[in-house]
Amino acid sequence: MKKRHRLLEKPWCLRLALAGLIAGVLFISSHVGNSDRSLLCYLAGERDSRRAESSETPIQLTAILHYATSRRVPQQSVAEITVSFDVLQSLSSSSSSNFLIFGLGFDSLMWSSLNAHGETLFLEEDPKWVQTVLKDAPTLRANTVRYRTHLSEAYDLLTAYRSVPECMPPKAYLRGNDRCKLALSDLPDEVYDKEWDLIMIDAPRGYFPEAPGRMAAIFSAAVMARARVRPGVTHVFLHDVDRRVEKVYAEEFLCPKYRVSAVGRLWHFEIPSAANLSRGSHSTRFC
């Protein structure tokens, strides 16, 4: 979701492929039992005879129209998108999914349409940008976030947090945690009250010193995942891992041992709740 104000010009074939991606989801929605089909199968076609059977939702239809006609397309590659798509597809066979996404951009309509029967919420740092996006896509749900960090502080924060008990397991928490600078302490109640099955971190900005950086988003995603009560793991997707800060913070808080795939600039983690860890593990470290 970086460089979001720049008009992205991609070949028509990519825009049509993205429209095809959404059309594929329509078929999945009406044929849940066929959940082993991959995104790339749908991008390849074989949909014409199924159109009458699909159970389209308004946001899916909007997404098809948008990506078939717009010069603005998602920042992630098809291969990177496929990673999250496959997880959404696997979860949809048993229940609806709660999807929390850090960042609002040209790909937001796509993510919301891929999770059309679940809850998708976007967290964005720029209030003006939220209004711009929602003007064209009013069905999206988005809230603004106030970050207390700057990218220039990344390495100092990585050292300092270890001396703050409220930043460390098992005492780490988010809501109202003003003592831990890495904690997103002032989010809407919905973010804290809901357990998120998937968390995508593709924001805030992290490519110049005064930018908020993604340190707090990564830390907070780790805290949310560890606090999970429902069965299963929390799927965390981190984009732009080619950048040093994203990589270092992922290794500190999301843990290499929980990383299950790496595609392009995207890492996928499956993080268990603290309650599901072995009883003998009472570490005061995340990893």
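At 1% relative accessibility, Cys255 counts as buried. This residue lies in the loop between H10 and S6. The model is predicted. Its protein chain holds 10 helices and 7 strands. Of the 287 residues in the protein chain, 52% count as buried. Among contacts in the protein chain with a separation of 6 or more, 71% link residues 24 or more positions apart.

- Most residues other than glycine have a negative phi.
- Cys255 has a positive phi, near 80°, and is a residue other than glycine.
- Asp240 also has a positive phi, near 70°.
- Asp240 is placed in the loop between S5 and helix H10 (244-254).
- Asp240 counts as buried, because its relative accessibility is 1% and the cut-off for buried is under 20%.

**Cis peptide bonds**

- Most peptide bonds are trans.
- The bond joining Pro169 and Pro170 is cis, with omega about 0°.
- Pro170 is found in the loop between helix H7 (154-160) and helix H8 (189-193).
- The peptide bond from Ala203 to Pro204 is cis too, with omega near 5°.
- Pro204 has its place in the loop between S4 and H9.

**The sheet**

- An open sheet is formed by 7 strands, in the order S3-S2-S1-S4-S5-S7-S6.
- The pairing in this sheet is mixed.
- Strand S3 (142-144) and strand S6 (259-263) are the edge strands, and each pairs on one side only.
- On average, neighbouring strands of this sheet are turned by 15° against each other, direction ignored.
- Strand S5 (residues 234-239) and S7 run antiparallel and are joined by 6 bridges.
- Thr234 has Ile271 in S7 as its bridge partner.
- H9 packs on the sheet and touches strand S1 (98-102), strand S4 (198-201), S5 and S7.
- The direction of H9 makes about 170° with that of S4.

**Helix H9**

- H9 has 12 residues, which should span 16 Å at 1.5 Å a residue.
- The end C-alpha atoms of H9 are 17 Å apart, which agrees.
- In H9, 12 of the 12 residues are buried, so the helix is largely enclosed by the rest of the structure.
- Its buried residues include Met215, Phe219, Ser220, Met224 and Arg226.

**Helix H4**

- Helix H4 (residues 78-92) has 15 residues.
- From its first C-alpha to its last, H4 reaches 20 Å, close to the 21 Å expected at 1.5 Å a residue.
- The buried residues of H4 include Glu80, Ile81, Phe85, Val87 and Leu88.

**Aromatic pairs**

- The count of aromatic pairs, with ring centres within 6.5 Å, comes to 9.
- Phe219 and Phe286 form an edge-to-face pair, because their ring centres are 5.5 Å apart and their planes stand at 70°.
- Phe219 lies in helix H9 (residues 215-226), and Phe286 lies in the segment after strand S7 (266-271).
- The pair therefore ties together parts that are 67 residues apart in sequence.
- Phe219 and Phe286 are both buried.
- Trp267 and Phe269 make an edge-to-face pair as well, with 6.2 Å centre to centre and 75° between the planes.
- Trp267 and Phe269 are buried.
- One aromatic cluster is formed by Tyr161, Phe219, Tyr249, Phe253 and Phe286.

**A charge over a ring**

- Arg259 has its charged end over the ring of Trp267.
- That charged end is 4.3 Å from the ring centre.

**Leu104**

- Leu104 has its place in the loop between S1 and helix H5 (108-114).
- Leu104 is buried, with a relative accessible area of 0%.
- Leu104 and Val133 are 29 residues apart along the chain, and their C-alpha atoms are separated by 7.6 Å.

Methods:
Residues numbered from 1 in each chain as written. Predicted model: local features only at pLDDT ≥ 70, side-chain atom pairs only at ≥ 80, totals over all residues. Heavy atoms only, no water. Phe/Tyr/Trp six-rings, centres within 6.5 Å; stacked < 30°, edge-to-face > 60°. Helix = DSSP H or I, 4+ residues; strand = E, 2+ residues; numbered from the N terminus. Buried < 20%, exposed > 50% of the residue type's maximum accessible area, 1.4 Å probe, protein only. Lys NZ or Arg CZ within 6 Å of the ring centre and 35° of its normal. Expected span 1.5 Å × (residues − 1). Pairing = 2+ DSSP bridges. Axes fitted to C-alpha atoms, helices over the stretch in contact; angles between N-to-C directions. Contact = heavy atoms within 4.5 Å.
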